[in-house]
Number of protein chains: 2
Amino acid sequence: MQHTDNMDTFTYLGALDIGGTKLAATVADASGPLARVAAPTARSGSERAVGEQAIELLEQACAVAHIDPGRIGKVGVSSCGPFIKDESGIVLVTPNLCGGLVGGSDLPNDWTRIPLEAVLRERFADVVIRNDCVAALIGERSFGALQGEDDCVYVTWSTGIGFGLCVNGHVLLGKHGNAGHAGHMLLDPSSDAQCGCGNFGDVEALTSGRNIGRGSGQNAATIFTAARQGEGAERALVQQAAQWFGRALYNLAATLDTRAFAIGGSVWLHHGDWLKPLAQKEIESRLPAVTSGVTIKTAALGSFVADIGALCLVLPPEWRHAWHQSRPWQALAS
Amino acid sequence: MQHTDNMDTFTYLGALDIGGTKLAATVADASGPLARVAAPTARSGSERAVGEQAIELLEQACAVAHIDPGRIGKVGVSSCGPFIKDESGIVLVTPNLCGGLVGGSDLPNDWTRIPLEAVLRERFADVVIRNDCVAALIGERSFGALQGEDDCVYVTWSTGIGFGLCVNGHVLLGKHGNAGHAGHMLLDPSSDAQCGCGNFGDVEALTSGRNIGRGSGQNAATIFTAARQGEGAERALVQQAAQWFGRALYNLAATLDTRAFAIGGSVWLHHGDWLKPLAQKEIESRLPAVTSGVTIKTAALGSFVADIGALCLVLPPEWRHAWHQSRPWQALAS
């Protein structure tokens with residue numbers, strides 16, 4: 001009863017997971033998530049469409065949970081990037097949503113920017129937006145594989161490659177909130193593997209699910225499965241990708257003096273068990289003062305990481321202990 | 001008079017600049033540096049030799065300034081790395097000082113570690129030790145080219161390559177204080193250019209004064225000067241190095257969402273004017289959401305950066321304003 005004001009303010013939280021293909025909205029209270037609604041991310045209409053869709057989905061989640069959307073105190077947002085910060089707040093300049101950013105895009109819009117924070121703030125006073133890997137990092141530090149780690153990195157190895165970085169307990173954001181775009185770090189600039197961003201030989205071009213085996217006519221899942229079963233050509237492709245991936249982790253360890261990596265994303269979650277020694281070797285073979293004791297873990301929150309990450313951006317400290325005990329997000333699986 | 005206690009405690013500061021070839025000790029008071037004494041870094045004796053030499057040089061600096069070493073309140077230390085932190089504090093595990101770390105070293109000692117913090121703390125209660133590029137970063141943020149920059153990087157381009165990193169106003173240290181060892185970041189692992197650390201194709205192997213033109217029989221100064229004068233072969237070598245250097249800066253900008261780089265070190269201080277456009281091009285041509293508006297500046301503190309950096313680690317806030325006005329370190333030039 002002593003926290004009445006606080007409890008009123010924070011009765012409900014909203015969480016948004018904004019991806020290139022899917023947008024999910026979750027509402028939660030102190031007991032955990034109450035409802036989650038998802039839909040394909042808006043791709044047409046005005047630049048405001050994604051923000052307006054996010055609000056609409058949050059309202060639908062509230063309707064499912066029979067609560068008043070006006071009682072949502074804070075909204076945490078995990079979003080694909082990159083971002084630009086201007087006077088309106090965080091704006092998405094995401095090539096796979098904004099058709100006007102790159103020539104020859106097949107997106108049904110000519111957006112050059114998505115004024116996400118401005119649209120959300122018309123409805124919600126308290127909005128915290130972070131890059132999806134930054135939100136995942138915060139989720140893993142709160143409830144997953146990076147608890148108690150002050151010098152740690154979250155990595156997703158999926159269709160793309162992204163990072164969330166933490167050094168000495170500080171989560172890195174950077175000037176526009178884009179810290180962690182090390183998927184676009186150059187590793188082999190003389191390579192002919194090209195990334196969607198235009199770079200040759202960056203981490204994503206050399207390792208991501210979208211790029212691996214490009215031109216071979218096979219998708220990443222087929223290639224990884226064949227490689228696991230020992231097929232020669234596929235195995236060589238994947239071993240090479242794991243080697244480049246390990247070198248990217250080494251580069252981050254040398255740059256940030258990292259202690260622990262937690263890796264998620266569909267590629268790692270399905271194949272991390274046999275990719276891990278290949279990656280680990282690339283770290284351990286270099287600069288012992290920095291790399292000795294560096295650990296690679298598998299991210300613990302799996303498919304919940306985006307929703308939990310978004311919720312963790314606004315989670316009241318007094319809810320934290322109970323969530324630790326009950327791990328209430330598991331209800332979202334149903 | 002109201003700060004009597006404070007003033008007593010902080011009457012004098014000590015600063016140490018510990019490099020692979022030279023060790024410098026400075027004492028300062030509120031008016032600025034009072035004396036500086038330097039000597040070749042100790043290379044023989046016990047593992048304690050470097051720490052004991054540092055104390056001795058600080059005492060000599062006090063003698064020159066006619067002050068009692070017992071009145072040194074705090075000591076700031078800018079040191080070459082890498083470091084290991086153990087229960088005794090920061091320990092140097094520096095290949096160019098410790099003869100026992102790498103086989104075939106020609107150093108006249110078999111040290112595997114230098115217990116720097118432990119030895120200094122026997123004499124001084126308050127010691128702050130940082131990697132030399134981290135100290136330089138703090139110096140440039142306090143009095144140099146990075147004032148007011150929260151997302152910035154200090155770089156030295158000299159015989160080696162080192163970085164000091166700052167994101168959202170937090171100076172990055174990492175688990176053992178080694179953040180910024182991005183000179184050992186891989187950029188072209190298939191290259192046959194080898195770094196002293198053993199890596200092939202890391203930033204230092206591809207660009208540093210020690211490595212550039214290796215095997216050509218010329219030293220870096222000769223090569224850079226010939227290149228500047230338009231000599232074909234040397235010019236190609238140096239242009240390539242500047243390109244790799246620019247790619248390293250790009251990698252950091254993509255990783256940390258940096259706004260400003262300040263570059264020092266002998267190579268840049270002599271040749272930065274014509275190397276800068278070559279490096280800048282490698283940044284600007286990539287990932288516009290992250291790289292647009294990124295600036296490359298020349299570090300402002302020049303040859304004072306290590307001493308000022310070390311002093312800034314322990315500088316009382318109430319001295320800062322006066323030092324801004326008087327820039328008292330310039331007296332060290334005499």
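**Exercise 1.** Find the bridge partner of D17(B) in β4(B).

*Solution.* In β4(B), D17(B) is bridged to S78(B). Now widen the view: β1 (residues 12-18) and β4 (residues 72-79) of chain B run parallel and are joined by seven bridges. Strands are DSSP runs of E with at least two residues, helices runs of H or I with at least four, both numbered from the N terminus; two strands pair if DSSP finds at least two bridges between them.

This is a predicted model, where local features need pLDDT of at least 70, side-chain atom pairs count only at pLDDT 80 or more, and totals for chains, interfaces and linings use all residues. Residues are numbered from 1 along each chain as its sequence is written, chains are lettered from A and ligands numbered from 1 in the order in which they are written, and side-chain values use heavy atoms, leaving out hydrogens and water.

**Exercise 2.** Work out the strand order of the open sheet in chain B.

*Solution.* The five strands follow the order β3-β2-β1-β4-β7 in chain B, with mixed pairing. At the edges are β3 (32-40) and β7 (127-131) of chain B, each pairing on one side only.

**Exercise 3.** Which strands of chain B does helix α2 touch?

*Solution.* Helix α2 (residues 49-65) of chain B packs on the sheet and touches β1, β2 (22-29), β3 and β4 of chain B; contact means heavy atoms within 4.5 Å. The helix direction makes about 40° with that of β2(B); axes are lines fitted to C-alpha atoms, for helices over the stretch in contact, and angles run from 0 to 180 degrees between N-to-C directions.
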